[in-house]
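Let's take a walk through this protein together. Have the sequence and the 3D view open as you read.

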Amino acid sequence: MDRKELIRQIREKRTFLCVGLDTDINKMPQHLLAGDDPIFDFNKAIIDATAPYCVSYKPNLAFYEAFGIKGLSAFEKTVSYLKAHYPNHLVIADAKRGDIGNTSTMYARTFFEEYDVDALTVAPYMGVDSVTPFLQYEGKWVILLALTSNKGSLDFQLTADKDGKRLFETVLEKSQEWGNEENMMYVVGATRGSLFQDIRKIVPNHFLLVPGVGAQGGSLDEVCRYGMNSDCGLLVNSSRGIIYASQDTDFAEAAAREAKKIQEQMAEKLSEL
């Protein structure tokens, strides 16, 4: 999905919600565990229920790799199901890959050729040769970690050099030599509030993938106030707050209700553009 189509989907559906598929069998409804593939069964039900209210899905690879071949099979089936039944939704593999060039080339082949996802999260801290292999695929997105929502991000990302430039700002500036607003997004945590203003000074037009709204305490109002641009420019992710809204047989319906609530808030924000 290219930038133009993503913007069109956001405007037509009046939402910029990304549903995170952080599927944990310890949190899903217990009645699903009797099935042959409970992870995929759970994902399928969540997807069918929430698709009208979002433009993107983001399966987190850690929750699939933890179960070996069965987990990776569930991930692959989830991506295939989305491609077959919801082709207008952006599929993001949250894998945070990044290594020396030849290894990154293999990672890129895995996700963009074998799994055929639309976008992949990538760690930029090994530099240009670790990122550019992912940028060779036309129509695919690289989503670089810039300023994350976790507490440990303070250890490195906000440290400044002798001129006062913070590390995340260096990442934003340097990476624009590698990609552009048509094939690169940035991860910026919703808990970063007014720092979105500083980010928008450097990357005014890029899309930002924003985790941390909901269970992590991030504010949608703040994210939109400081981070939204004329094209929206945001994909706001919610995982636990939607997919685990209920652990009973009504889990899909509960997820739909929570997704709809967020979509309605987003529609209001979009009406202000």
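## A helix and its surroundings

Start with helix α2, which runs over residues 38–50: its 13 residues reach 18 Å from the first C-alpha to the last, close to the 18 Å expected at 1.5 Å a residue. Keep in mind that you're looking at a predicted model.

Which residues of α2 are buried? They are P38, I39, F40, F42, N43, I46, I47, A49 and T50. Here's a handy rule: an α-helix has 3.6 residues a turn, so residues three or four places apart point the same way. As for what covers the buried residues of α2, the list includes the strands β1 (17–21) and β2 (56–59), along with the helices α3 (62–65), α4 (68–85), α10 (240–243) and α11.

In soluble globular proteins, nonpolar side chains tend to be buried together. In this model, the largest nonpolar core has 91 residues, and F16 and L234 are the ones with the most contacts inside it. Helix α11, residues 251–271, supplies the largest share of this core, with eight residues.

So what does F16 touch, once you set aside its neighbours within four places in sequence? Its contacts are I10, V55, L220, C224, M228, C232, L234, L235, V236, M266 and L270.

## A lysine in α11

Stay with helix α11 for a moment, where you'll find K269. Is K269 buried or exposed? K269 counts as buried because its relative accessibility is 18%, and the cut-off for buried is under 20%. Not counting residues up to four places away in sequence, K269 touches D221, C224 and M228. C224 and M228 also turn up among the contacts of F16.

## Two asparagines in loops

Now for N60, which sits in the loop between β2 and α3. With a relative accessibility of 14%, N60 counts as buried. N60 and G20 are 40 residues apart in sequence, yet their C-alphas are 7.2 Å apart in space. Beyond its neighbours within four places in sequence, N60 is in contact with L21, D22 and D94.

The other asparagine, N229, lies in the loop between α9 (220–227) and β8 (234–238). N229 is buried too, with a relative accessible area of 13%. A polar atom of the N229 side chain lies 3.2 Å from the backbone nitrogen of G233. Leaving out neighbours within four places in sequence, N229 is in contact with R200, P204, N205, H206 and L273.

Technical notes:
Residues numbered from 1 in each chain as written. Predicted model: local features only at pLDDT ≥ 70, side-chain atom pairs only at ≥ 80, totals over all residues. Heavy atoms only, no water. Core = buried A, V, L, I, M, F, W, Y, C linked by side-chain atoms within 4.5 Å. Buried < 20%, exposed > 50% of the residue type's maximum accessible area, 1.4 Å probe, protein only. Helix = DSSP H or I, 4+ residues; strand = E, 2+ residues; numbered from the N terminus. Contact = heavy atoms within 4.5 Å. Expected span 1.5 Å × (residues − 1). Polar contact = N/O pair within 3.5 Å; in protein donor to acceptor, adjacent residues only side chain to side chain.
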